[in-house]
Amino acid sequence: MARNLKTISSRMVIAVLLIHAVMLPLLSYGMLTVVRTAQQEVFIDHVRIYSRVFADILQAKAVFPSEGEIIASLDSSILGGRCVHAALTVGDSRYLSSLMAVADGARFDEDFEFGEHGDDVYYLSTPLQLGDDLAVLELGFDEMPTLQEIAAARETIIYITLGYLLVTVFLVIILSALLSKPLQRLRHDSRQVASGDYTRQMSTDSNIFEINELSRDLEHMRSTLVGINARLAAEMASREAAETERRKVETQLRHMHRLQSIGTLAGGVAHEFNNVLLPLLLYTDLALEDLPEGSPVRPHIERVMRLANRAKGLSEQILTFGRRSDDGLKHVADISPIVDEAMSMVRALIPASIDIRTDIKRPAGPLSCDPNEVQQLIVNLCSNAYRAVVKGGGKITVGVAPCLVKSELVSKQPRLEKGEYIRLRVADTGEGMDAATVERIFDPFFTTREVGDGTGLGLSVVHGIVERHGGDIVVESEPGVGTTIDVYFPQTAADDIQDAQGTISDE
Amino acid sequence: MSKVIIIDDEEDIRVVLKEVFVRAGFDVRVASDGDEGLTLLREEPADLVITDIIMPGKDGVQTAYDIRMEFPKTKIIVMSGGGNAAPQDYEPSAIATTAYLASATEIGADLTLTKPFDRHELIKAANELIAQQDAS
């Protein structure tokens, strides 16, 4: 209830009622006073004129009227409907209208104002000359009709006032409704916006200036909010994207550093290993030279020789993985013949039942490389692809093509730069790998094969070769779908590189 | 008879290389570091010096340089275990030995070899280098 009294329309109605409670009584009292005064004045004027005329008529008679004539005249004034009292005093004689009770005739209270004495009769005495005598005419006029008229006028004034009040309140209610409706709509809309519906536009079809201004300001506020909201959302999205990107690059860098430190360690181990292998191989060689043919020890020593040679092979692979220098790279005008040669080696190694397809662009691009290492890389990748397809079937595709590395790939592979590369792709539709395996495939001695089946160095060697050539590797794999390994080698024009210096010079 | 000096800090390698060269008919002396090798060379010049590259004391690069300065005609073979290695107390602890071999070549080594190598290959290379020396 208290809240209802605080609404615009109830406030306006209350204000109007208060104003009218003060003003209307004053107004109607004033009106009534005017009406009453007018009526009374008309009445008094009227009776005075009547009395004077009546007296003049009597005075004008040439001869002194008889008593009968006087009484007849007085009667006519009562019969004419004007008077309730008529009497004439001439000297000591007093005449009364025959239509009046004698008791009433004795009564006469001269009135000066309307309604005086509360007898509802206005008594008026008029002096006149009858012959030589002075006479006084007394007439009493009925005040009731005038009083009734005044009462009727008061009633009318009250009705008009009440009617006016009703119409005013009605208009105020309509007006306040017109005023509060657009405000309520604005309130509804702003509640919607506050509860999260930012698309709701604020508008009113009000033609009230202030409400329109308010509506426009609220709408401006809303659209600003929507803008800020959108900017915030976009900002958050871009930050999230940047964070994801950063994590990705960080993971790759960590991976790279890990491989580098493993490479450094492996290189150190290989160095020591080779210092052992050299005398081992040479002593064994010398021992074999000294042993007579047919010696029972000879097969054992030969076996030692073979094993030492295998160890030498392992050491070379480790060194290939750990090698950093670009010594020994030479410029070739086109990689595709190197790939062809590697593919013939691959076909010789892998059973003919395996479907191997090649897609080699000619020329695929110039690069500075160690051809033996590039071939080794292709053989190793194909050997892995073969292991992936041999169980469940599938095919191997080897493709080489020039390739323009763009910024989106650079952002994922920090070691690449924008520019021209040669992309070597070895794809298989074999068993695929999960993410954890992909993470570790370049680690030396990491293998998913049975113990004794392979050294786990194949992809480490691939990694070392790619690194030495300034390239990068992208591995995509999905269990059950297959694996695609893309190797990127930077293209190098012939004049980009100085003649690589061989470690063995034999002039 | 061609004279060879073998410098290596590891006894096993010194001994086996000496044996290899003796069997090939060379006059062989051995030293365990660069200074010792230079002393031997000053006592009696040699046709060929084979030195390891990573050694305590005077390393192979320095030795090759000193020999080249003092004995311009002596042929030098520098050999390395490959991979990464560094002299003691050296930071960063790992340097690719290919870098050492390259600098040895710059300084004047006639040939660099990465261990392990075949003995016939070694003898063949030694004979070729000595033949060059004789020719010049």
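Here are some questions and answers about the salt bridges and the confidence of this predicted model.

Residues are numbered from 1 along each chain as its sequence is written, and chains are lettered from A, with ligands numbered from 1, in the order in which they are written. Local features need pLDDT of at least 70, side-chain atom pairs count only at pLDDT 80 or more, and totals for chains, interfaces and linings use all residues, while side-chain values use heavy atoms, leaving out hydrogens and water.

Q: How many salt bridges does a search of the whole structure find over all chains?
A: Let's start with the term: a salt bridge is a side-chain nitrogen of Lys or Arg within 4 Å of a carboxyl oxygen of Asp or Glu. Over all chains, the search comes to 32.

Q: Is A:Arg239 buried or exposed?
A: Buried means under 20% relative accessible area, exposed over 50%, and partly exposed in between, using a 1.4 Å probe and protein chains only. A:Glu235 has 42%, so it is partly exposed. A:Arg239 has 57% relative accessibility, so it counts as exposed.

Q: Where in chain A is A:Asp340, the salt-bridge partner of A:Arg362?
A: The side chains of A:Arg362 and A:Asp340 meet at 2.7 Å, N to O. This pair links distant parts of the chain, 22 residues apart, with A:Arg362 in the loop between strand E6 (355-360) and strand E7 (367-369) of chain A. A:Asp340 is in helix H7 (residues 336-349) of chain A.

Q: How many residues apart in sequence are the parts that B:Arg42 and B:Glu70 tie together?
A: Their side chains form a salt bridge at 2.6 Å, N to O. B:Arg42 lies in helix H2 (residues 34-43) of chain B and B:Glu70 in helix H3 (residues 60-70) of chain B, so the parts tied together are separated by 28 residues.

Q: Which element of chain B has the lowest mean pLDDT?
A: pLDDT is the predictor's confidence in each residue, from 0 to 100. Chain B has a mean of 85, with 86% of its residues reaching 70 or more. Strand E1 (residues 3-7) of chain B has the highest mean among its elements, 96, while the lowest, 59, belongs to strand E6 (residues 95-96) of chain B.

Technical notes: Helix = DSSP H or I, 4+ residues; strand = E, 2+ residues; numbered from the N terminus.
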